Amino acid sequence: MNMDFSTSLAKKAAQKKVDDAEPKPAETRPTPESAKPTTMEPAAATSPEIASRPRWDEVSVSQITAKMRAEDLHASFGSSEVIKGISLPIAEKLVTAIIGPSGCGKSTFLRCLNRMHEVVSGATAKGKVWLDQQDIYERDVDPVRVRGRVGMVFQKPNPFPTMSIRDNVLAGLRLNGVKLKDPDGQVESALRAVALWDEVKDRLAKAGTSLSGGQQQRLCIARALALEPEVLLMDEPCSALDPIATARVEELIHELREAYTIVIVTHNMQQAARVANFTAFFYLGQLIEYNRTQVIFTRPKEQRTEDYITGRFG
Amino acid sequence: MNLGAATYVRRKLTDRIVRSLCVLGTVIALIPLASVLYYVVSRGIGGINLDFFTELPKPVGESGGGMGNALVGTLKLVGLAGLFGIPPGVLAGIYLAEFGASKFGGAVRFAADVMSGVPSITVGIFVYSLVVVTTKQFSALAGGIALAILMLPMVTRTTEELLKLVPESLREAALGLGVPKWRATLRIMLRTALPGIAVGVMLSVARVAGETAPLLFTASNNSFWSTGVMDQEASLPVNIYTKAISPYEDWHRQAWAAALVLLMTLLILNVTARFLVRTRVRAR
């Protein structure tokens, strides 16, 4: 799980001399068993949902089954434009990572995907973002409903301090006025989904803020999952966590992608390599390169991508 | 780096001098507080007995009697003030915290700051001309309105400041869960700030409970039990004033006792509020 992808993939690539710089469509490409990259999660390939579609690691960017799709998206704070026309498909039930130096617009882009960007005063966005067949920036779309379908996990764990662990999990449902049929069951399944149940089952009535940072972040993920969103946006979810807590959240992302479409913004390139199927590199508000993760980290097409992932800038 | 022994000796000396000046200043500041407490307690304690809390004042010449009506009156006036002052104050505070970035918000904030600096007697005159003249009588209602006007800016600003202390990340968390903004404000932001706002409200209640000037020609005074809110109403501060300027020794004693009761009530309110703040902070 924690193996270093860039090096292991680089070795494999060198051994096989497979040129993936210009990935051809899967159907036309010969795919002998030995040529298949087998480094990523075998579970992904055996999962029924994913097995029914072409394997993601054979799919080129142009063939992505998109759950969401940004089209010429621009976003500004007042007069300064921070996203300068980005088009990007988000693969369904896979993990997409967005990397790039500070201030490149990663978080802003993420917040545009569930209309959280406009919450900040003076912030505006234009362009299209498709969620299934619906452009969420169309005038008659209620941002509140979009956010119910596209959940979000923030950089700093932010459980509600006035609520217990249990109430935090149910907060999204209760605040939306959902009648709870089986609250205990919902709490348990959401907490099990984030592997927190065993740690907190005896103190569900304690304050959510009494947990450790890593537990709080998993609680926040459970809170988002309780609403059963289709897409989960994660804005540097591990930046406030220690390496052990980070590893747990990463494991969790691996498990969640069976059921959810996940977009994760991260500063940590190893993390992107570990958890993401696709990776987008942003620079100065533009999409520089977007490809399968192992391609981005082993054979980037763009010089700027290579400079960034090798630590020459950023 | 070595600045020489003389420099270090001089620095230590300066440190001592400044520190002792600070201690001296603190002692000077404490003298009035301690002596007021001591004086009021020592002069007032003699007048405290059961009658003081339950009886009506006796006419001049008769000894005994109490200030039961003034105690109830103060509670009534403060209750009315809270009724008129707290809801609009809290709502205005929410408005300022949520939408206060606008020009109008700035104007409201400025007005609230100016209002909290308005001398309380001015508010008394204002309510006199507005309520007392129109209804043609002094009343508890008028007194309550005057105190409410004094409370309003305090409650507004406290609510605003405490709401602004709630981390923005909580609002984002709620909005990110698909919660409408108004509900996020009420159920998350206001709920999180509520204990602090309650303390702020308690402190503003304590402040107006001791006000005398705005009551002089609104609620005026009353030597009997009042009924309803359209009657003249006795209150502790006004009674202290009228009894203290009277020439009768017995009334002076009662004024001191009333001062003691008022002081203790406000002290208890203040200490409770501060205690609540401290336990709340520790619970975090």
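Axes here are lines fitted to C-alpha atoms, for helices over the stretch in contact, and the angles run from 0 to 180 degrees between N-to-C directions. The model is predicted, so that local features need pLDDT of at least 70 and side-chain atom pairs count only at pLDDT 80 or more, while totals for chains, interfaces and linings use all residues. Residues are numbered from 1 along each chain as its sequence is written, and chains are lettered from A, with ligands numbered from 1, in the order in which they are written.

**Exercise 1. Describe how helix H3 of chain B packs against H6(B).**

Solution. Helices (H or I, at least four residues) and strands (E, at least two) are DSSP runs, numbered from the N terminus. Helix H3 spans residues 68-99 of chain B, and its axis comes within 6 Å of that of H6(B), the two crossing at roughly 30°. The crossing of H3(B) with H6(B) is right-handed; a crossing has this hand if the near helix is turned clockwise from the far one by less than a right angle, and is left-handed if anticlockwise. The contact of H3(B) with H6(B) contains 21 nonpolar, eight polar and three charged residues, where Ala, Val, Leu, Ile, Met, Phe, Trp, Tyr, Cys and Pro count as nonpolar, Asp, Glu, Lys and Arg as charged, and the others, Gly among them, as polar.

**Exercise 2. Work out how H5(B) and H6(B) are oriented to each other, and which residues make their contact.**

Solution. Begin with the axes: those of helix H5 (residues 120-135) and helix H6 (residues 140-165) of chain B come within 9 Å and cross at roughly 140°. Angles under 35 degrees count as roughly parallel, over 145 as roughly antiparallel, 65 to 115 as roughly perpendicular and the rest as oblique; H5(B) and H6(B) are therefore oblique to each other. The hand of the crossing of H5(B) with H6(B) is right-handed. Next come the residues, which are in contact if their C-beta atoms, placed from the backbone, lie within 7 Å. H5(B) contributes B:Ser120, B:Val123, B:Gly124, B:Val127, B:Val131 and B:Val132, and H6(B) contributes B:Leu141, B:Ala142, B:Ile145, B:Ala146, B:Ile149 and B:Leu150. By class, this contact has 10 nonpolar residues, two polar ones and no charged ones.

**Exercise 3. Characterise the fold and dimensions of chain B.**

Solution. Chain B has 11 helices and zero strands. Its C-alpha atoms fill a box of roughly 80 × 65 × 35 Å along the principal axes. The radius of gyration, taken over C-alpha atoms, is 24 Å for chain B, whereas a compact globule of 284 residues would have one near 19 Å, by the rule of 2.2 Å times the number of residues to the power 0.38. Buried residues (20 or more other C-beta atoms within 10 Å of their own; exposed means 12 or fewer, partly exposed in between; C-beta atoms are placed from the backbone) make up 37% of chain B. Of the contacts in chain B between residues at least 6 apart in sequence, 73% join residues at least 24 apart.

**Exercise 4. Are A:Asp72 and A:Arg115 buried or exposed?**

Solution. A:Asp72 lies in strand E1 (residues 66-77) of chain A and, although not a glycine, has a positive phi of about 45°. A:Asp72 is exposed, because 11 other C-beta atoms lie within 10 Å. A:Arg115 sits in the loop between H4 and strand E4 (123-131) of chain A, and its phi is near 60°, also a positive value in a residue other than glycine. A:Arg115 counts as buried, with 21 C-beta neighbours inside 10 Å.

Conventions:
Two residues are in contact if their C-beta atoms, placed from the backbone, lie within 7 Å.
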